[in-house]
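Work through the exercises below with the model open. Try each task before reading its solution.

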Amino acid sequence: MSIPPELPSERNEEALAEEFQSNTHHPPAPADELFDITTTVDPSYIISLIRKLLPANVKCGEISLGYDAHDASTEGPKTEAFRITSSPTENGDKRSPIHVSETMKTAENFVEQSVDGKLYFQNKHEDVAVREEDWEESGCILWDLAASKTHAELMVENFALEVLLATLMVSKSARITEISLGIIGNLSCHDVSRKKITSTNGLIGTVLEQLFLDDAPCLCEACRLITLVLQSEECAFLVEALQSEHILCRVLWIVENTLNLQLLEKSITLLLAVAESKQDVATILLPPLIKLGLPRILVDLLSVEISKLIEERLPERYSFQDLILQTVEALSVMDDYSQEICSNKGLFQLLTQLIKLPDKADFANSCIAASVLTANILTDAADLALEISQDLLFLQGLLDIFPFASDDIEARSAVWSILARLLVQIQKTEMSPSNLHQYVSILTSKSEVVEDELLNYDVDDTSEDHERSAKLTARSFALNGIVELLSRWRTLEDQVKGTLSMEGCYVNEGDVDKMLHYCFKYTNAGELMN
């Protein structure tokens, strides 16, 4: 979010002089009206920006704001303040009022004017007309300022949320709606202002209403805001409002149908936030999402992204794969949904397809996520290991993941787990000398990768005593499987080995001996430690 070009410090000298002359006679504020918050921006400037956002239908004496998700009985006592009276809804009903305290009476100075058919806001004392472009300029500055915790607190203390809520209820401009949601989104990044957001009567419901707009930037900001609140401790009321099937259907529709890349990212991130949320949140939101077809939608999205990856590698789409895979992975480890994920043959085929792709550097994170997810699936559906045990490209692609997972213990453990399951199946299979030679050719071609992984893995394990047993078991099974294949290959006649190597699958006996040596070394070390 870029700050508009003209800020108070950048006004021309003439404007500053006029402002100085007009303010020299103003008395200082009473002590009880001074601000306790220290900011790098003049608080009165921030308040003046908030006032400029007051919607066109400000009426002296009252504010009436839209959608109220709370029970009307919870509304506090009415005060002699002011209301912004919104127009009736399509069914003719007036929206529920939200009352603002006496502190904001200054807004009574704003009156509605129509000049040449255009709506302006005019302050009786300052005689300033504010058009939509002026609103946008002020809103963009507040959007940036809201990223600061101190400024955010000052804004919510001075009724920025009430003004933004009123704006959202009456705005006919997509840009104004986007900016309003963006400001609230930045405010939700801070504890104090986020608590105020969730307690402001009608605000959460009004934000959810914005999901039914057709403007991509507005939807991006709405999804971002909802995601931020979902990830916080103040998510209870949002979850209650969000669980409506009507709203969840709309979220899934956006994810499945949008062609806007930013919106696709924001909407998938929203689903990931639901999947990774606290247990009580997931318990409420995931069942209806699963019922509405979330697993199918995720698999369809992953299929599209992998197809695009195969056809043309577009870096701007790599993050989508990561988000989709992380969401599926989060579901795969939940007892209530793991079976549905693990039994999805289409998903498993997509994962193996992704792992087999060469030149993984550009989308390594996706391959790492795919390996972890594949390991989770094979834990619940061990029979699938037989299907991929004969796939030499998968074995090669799996070993290629090791260098990219050097800093991710979970991913490295997942690769060892998959490798162990594959090699167990391979050992059970009757193999021709040609097939055996091919397996050994792949293993020895990756001997340095495997050796480096064993060295790194051994160092990391010294600080992970409580997890070592399960990890070393998977690694030991895999190393024993490698030893079995290499030892069987060594029993082949030299003439057979030479003939097979000449056919395109070269195997260096020195590499075989070296690989056998360190496989024995680490297998025996693991057995001794256990």
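**Exercise 1. The core.** Which residues in the largest nonpolar core touch the most other members?

Solution. The model is predicted: local features need pLDDT of at least 70, side-chain atom pairs count only at pLDDT 80 or more, and totals for chains, interfaces and linings use all residues. Residues are numbered from 1 along each chain as its sequence is written, and side-chain values use heavy atoms, with hydrogens and water left out.

Step 1. A nonpolar core is a set of buried Ala, Val, Leu, Ile, Met, Phe, Trp, Tyr and Cys residues joined through side-chain atoms within 4.5 Å. Buried means under 20% relative accessible area, exposed over 50%, partly exposed in between (1.4 Å probe, protein chains only).

Step 2. The largest core holds 154 residues, and Ile183, Leu230 and Leu331 touch the most other members.

Step 3. Take Leu230. Leaving out residues up to four places away in sequence, its contacts (heavy atoms within 4.5 Å) include Cys235, Leu238, Val239 and Leu242. Leu270, Val274, Val281 and Leu285 are also touched by Leu230.

**Exercise 2. Aromatic pairs.** How many aromatic pairs does the rule give?

Solution. Step 1. Apply the rule. Rings of Phe, Tyr and Trp (its six-membered ring) pair if their centres lie within 6.5 Å; planes under 30 degrees apart count as stacked, over 60 as edge-to-face and the rest as tilted. The count is two.

Step 1. Classify Tyr318 and Phe363. Their centres are 6.3 Å apart and their planes meet at 55°, so this pair is tilted.

Step 2. Helices are DSSP runs (H or I, at least four residues), numbered from the N terminus. Tyr318 lies in helix H15 (residues 318–332) and Phe363 in the loop between H17 (345–356) and H18 (364–380), so the pair ties together parts 45 residues apart in sequence.

Step 3. Check burial. Tyr318 is buried at 10% relative accessible area; Phe363 is buried at 2%.

Step 4. Turn to Phe402 and Trp416. This aromatic pair is tilted too, with 5.1 Å centre to centre and 50° between the planes. Phe402 and Trp416 are both buried.

Terms used
Helix = DSSP H or I, 4+ residues; strand = E, 2+ residues; numbered from the N terminus.
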